[in-house]
Amino acid sequence: MADYEGRSAGRGPSGKPLLGLAGKDILGIQEMGLGEIELILDTAESFKEVSTREIKKVPTLRGKTVINLFFEASTRTRTSFEIAAKRLSADTINISASSSSVVKGETLIDTAKNLEAMKPDCLVIRHSAAGAPHLLARLMDVPVINAGDGAHEHPTQALLDLFTVREKRGKIAGLKVAIVGDILHSRVARSNIFGFTKMGAEIHLTGPETMRPAEVERLGVRWYPRLEEVVSEVDVIMMLRIQLERQGGGFFPTLREYSRFFGLNLEVLKRARPEVLIMHPGPLNRGVEIAPEVADGPFSVILDQVTNGVAVRMALLYLLTGGEREANRSPS
Amino acid sequence: MKRRDKELVMDEEAMERALLRITHEILERNKGVEDLILVGIRTGGVYLANRLRSKIEEIERMKVPLGIIDITLYRDDFAIGLPQPLVGKTEIPFPLTEKKVLLVDDVLYTGRTVRAALDALIDFGRPKFVQLAVLIDRGHRELPIQADYVGKKVVTAAQDEVAVLFRELEGQDKVVIQEGIT
């Protein structure tokens, strides 16, 4: 096909060969290849520019429908996906489990099959059960994006974190990244461990021993018992949200004690490298895992993460829903 | 698969002369460079726009602003089963309202790229007008689009490929018609 003056003849605008993602879904970082991750990050760079325009819209996904199926509460991630889809001119539908027929006892599979019958072009799902997105991806022809499944993975968060670090530092390989807090229950931590390790960074974890996953070193990471030991060694400090509900679970005595040992405040920050990046997936518990002065300070890239989240999600929607997928050509 | 070179359309000197002539035509028709903005369409158009910009600077002693447009997101063949091209960055760091935009591309063929570029431009403001400069016009238009400034018109078969090579990218300047793959 020689339309577009040769631009579609096997080469992209930069002259490089055309690329694509390996599968029809984005379910986790663990199974993704390095090339795929780089493609997503490169594509996200171009999409970031769209959000700086006066008219923040491109017609690329015009006529496509993206359904956000969120079984767990979320404002940040869901809004980010919604904005991303709308900036691509796609139509979006938000379904939260509490207000849907799940309340009437409809199963996950039925909910998904019903939605599929309305011909969406992409399904974004967040669910408290690990593997739920994978189940849907197997059963449905529609591309599925995992927006968080239990404590398993949160791939789009890791991708935007990788993007942010790469943007600020120019690279990821060779960097040292600390992840601090409730590693045990954190899908953000897991996805980031997979992502940063794949891209050549070293991961250093720290948090209460009660929140340390068994045999976590098998993921190729180092564990430190104290935040102080890690702070001066790393280029990036990623703070995890401590869920206030965990207080009663016997993981730590009080929030104040947690904060004293694993909270990031100005005092602790003094030991960090001058170029350190402070990250947090949000929402923040100001004064618990992170002091307000640190969250709002000059080393924090927390808001950049949010901006980049939209760009990365635009890139994913573009890469997944563009073109007629093999699976969509089913005889019907 | 590497295509075979069928015919040399322009060598380095011819390209240089054509660009110089186009530069003079642009300056003549627009009576100078006031409010003029060059916008190159990725990727070939960007190299050409840069060259036009230097030539304008040599003649008028003024630097004309330069923008870059990537039309990938505005294509109309997006849903036709191709693996997606890598999306390049569009860089238009200034509003286009009331500006005279000179769109630059290397080859004008079906006109669909220019259609997409116009769509993209309108999102950045309301230009006073848009003019189009191309190095090669190879006919076979599928939309009512014409260039204001043309380096050379060539006759081609639909399955041929017109390749514009740049010294910055491929090490040499030339335009060749390559044999079609049927």
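Some ground rules. Residues are numbered from 1 along each chain as its sequence is written, while chains are lettered from A and ligands numbered from 1 in the order in which they are written. Because the model is predicted, local features need pLDDT of at least 70, side-chain atom pairs count only at pLDDT 80 or more, and totals for chains, interfaces and linings use all residues; side-chain values use heavy atoms, with hydrogens and water left out.

Chain A, then. Five strands make an open sheet, in the order β7-β6-β5-β8-β9. The pairing is parallel. Strands here are DSSP runs of E, at least two residues; helices are runs of H or I, at least four; both are numbered from the N terminus. Two strands pair if DSSP finds at least two bridges between them. The edges of the chain A sheet are β7 (222–224) and β9 (277–279), each pairing on one side only. Neighbouring strands are turned by 20° against each other on average, direction ignored.

Look at β8(A), residues 236–239. Three bridges join it to β9(A), and the two run parallel. A:Met238 has A:Met279 in β9(A) as its bridge partner. Helix α5(A), residues 155–169, packs on this sheet and touches β8 and β9 of chain A. Contact means heavy atoms within 4.5 Å. The direction of α5(A) makes about 165° with that of β9(A). Axes are lines fitted to C-alpha atoms, for helices over the stretch in contact, and angles run from 0 to 180 degrees between N-to-C directions.

Follow the chain past β9(A). A:Pro283 lies in the loop between β9 and α10 (292–295) of chain A. The peptide bond from A:Gly282 to A:Pro283 is cis, omega near -10°. Both residues also line the second largest pocket. Which residues lie nearest its centre? A:Arg126, A:Arg187, A:Arg241, A:Gly282 and A:Pro283, out of 23 lining residues. Helices α2 (76–87) and α6 (187–198) of chain A each give two or more residues to that lining. The pocket volume is about 600 Å³.

A pocket is an open set of points on a 1 Å grid over the protein atoms alone, where a 1.4 Å probe fits, with protein on both sides within 12 Å along at least five of seven lines; lining residues have an atom within 4 Å of a point. Points are joined across faces, edges and corners, and the volume is the space filled by probe spheres set on them.

One more backbone spot in chain A. A:Ser89 is not a glycine, yet its phi is positive, about 70°. It is found in the loop between α2 and β2 (91–96) of chain A.

Now chain B. Its five-stranded open sheet runs β3-β2-β4-β5-β6, with parallel pairing. β3 (66–69) and β6 (149–153) of chain B are the edges. The twist averages 25° from one strand to the next. Five bridges join β2(B), residues 36–41, to β4(B), residues 100–108. B:Ile37 has B:Val101 as its bridge partner in β4(B). Helix α1(B), residues 12–30, touches β2, β4, β5 (129–137) and β6 of chain B. Helix α3(B), residues 112–122, touches β2, β3, β4 and β5 of chain B.

Last, the loop between β2 and α2 (44–60) of chain B holds B:Thr43. The peptide bond into it from B:Arg42 is cis, omega near -10°.
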